[in-house]
Amino acid sequence: MLRSLLSPLQRRRARLVVRAILDAVAPPHCPACGGPSDGLCAPCRGRLERLPARGCARCGEPVGAGPGRGCTADHAPLRGLAARRAAWRYRGTGGDVVRALKFTGDPAALQLAARAVALRLRDLEPRPSRCALVPVPMHPRKRRRRGRDHAAWLAAEIGELTGARLLVGALRRVHDTVPQSDPRVTSRAANVAGAFAIARPRAVRGRRIVLVDDVSTSGATARECAAVLTAAGAARVTLLVAALG
Ligand SMILES: [Zn+2]
Ligand SMILES: [Zn+2]
């Protein structure tokens, strides 16, 4: 609501004020380990595994230089997705930042992740203003429990940084599934089958959709979302995540 009432300049000023207040309340700290630091501390930076800016066009994994040295990664998990980009690997510091974003709602973790992911968006969509960012939705019951939908929070910040439009509410999670990482889950694909539905078909039809999530492991959640969006007429569906598990 507030976002739509403010001009971009007013929003930028409001963000600076909020940042100053947060800095006063919570002194600068490392978004991964919480230690005193302005940004990532040196040890955490050393354990951050970045994915390359110029990797495989489809999956974003590093590719060797020279003829015949193409991507050797398995593209089967990307079925239904035109491409995928991630800022970091989940192991090491990438996972620490994602957990800080997800479980403590640390604004410093959000800022770090959003800035890194925004750079990868330009690799997927050279003109971000022409695409729509669709956060992988959380079930309303889970959002009430958590108090925040971290994928929507990340997508909103990426939108602010890149000018890409945020499309929230077009895709809904209709089943409150067990988390994919839960040991009770024997098939991640079966766990999310039928979990998503389109709420606003006209908002999706003909659009270039960039799905946004904090982490992707098996890709089952993104594949399920992509299938639903494509069936609703999306022109292209890609996946953008902070960390790759
Ligand atoms: Zn640290
Ligand atoms: Zn590849």
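Colleague: Which strands and helices do the buried residues of H10 pack against?

Modeller: Keep in mind this is a predicted model. The buried residues of H10 pack against strands S4 (171-173), S5 (196-198), S6 (208-216) and S7 (236-244), plus helices H8 (188-192) and H9 (201-204).

Colleague: OK, and how many of the 12 residues of H10 are buried?

Modeller: 9 of the 12, so H10 is largely enclosed by the rest of the structure. Among them are Arg223, Glu224 and Cys225, along with Val228 and Leu229.

Colleague: What about the length of H10, what span should its 12 residues give?

Modeller: At 1.5 Å a residue, H10 (residues 220-231) should span 16 Å, and the end C-alpha atoms are 17 Å apart, which agrees. Just after H10, Gly233 takes a positive phi of about 100°.

Colleague: Where does H10 lie relative to the strands?

Modeller: Across S6 and S7, and H10 runs at about 165° to S6.

Colleague: Switching to the sheet: what's the strand order?

Modeller: S1-S7-S6-S2-S3, an open sheet of 5 strands with parallel pairing. S1 (84-89) and S3 (165-166) are the edge strands; each has a single partner strand, so one side of each is left without a neighbour in the sheet.

Colleague: And how many bridges join S2 to S3?

Modeller: 2 bridges, with S2 (residues 131-135) and S3 running parallel.

Colleague: Which residue in S3 is the bridge partner of Ala132?

Modeller: That's Arg165.

Notes: Residues numbered from 1 in each chain as written. Chains lettered and ligands numbered in written order. Predicted model: local features only at pLDDT ≥ 70, side-chain atom pairs only at ≥ 80, totals over all residues. Helix = DSSP H or I, 4+ residues; strand = E, 2+ residues; numbered from the N terminus. Expected span 1.5 Å × (residues − 1). Buried ≥ 20, exposed ≤ 12 C-beta atoms within 10 Å, placed from the backbone. Contact = placed C-beta atoms within 7 Å. Pairing = 2+ DSSP bridges. Axes fitted to C-alpha atoms, helices over the stretch in contact; angles between N-to-C directions.
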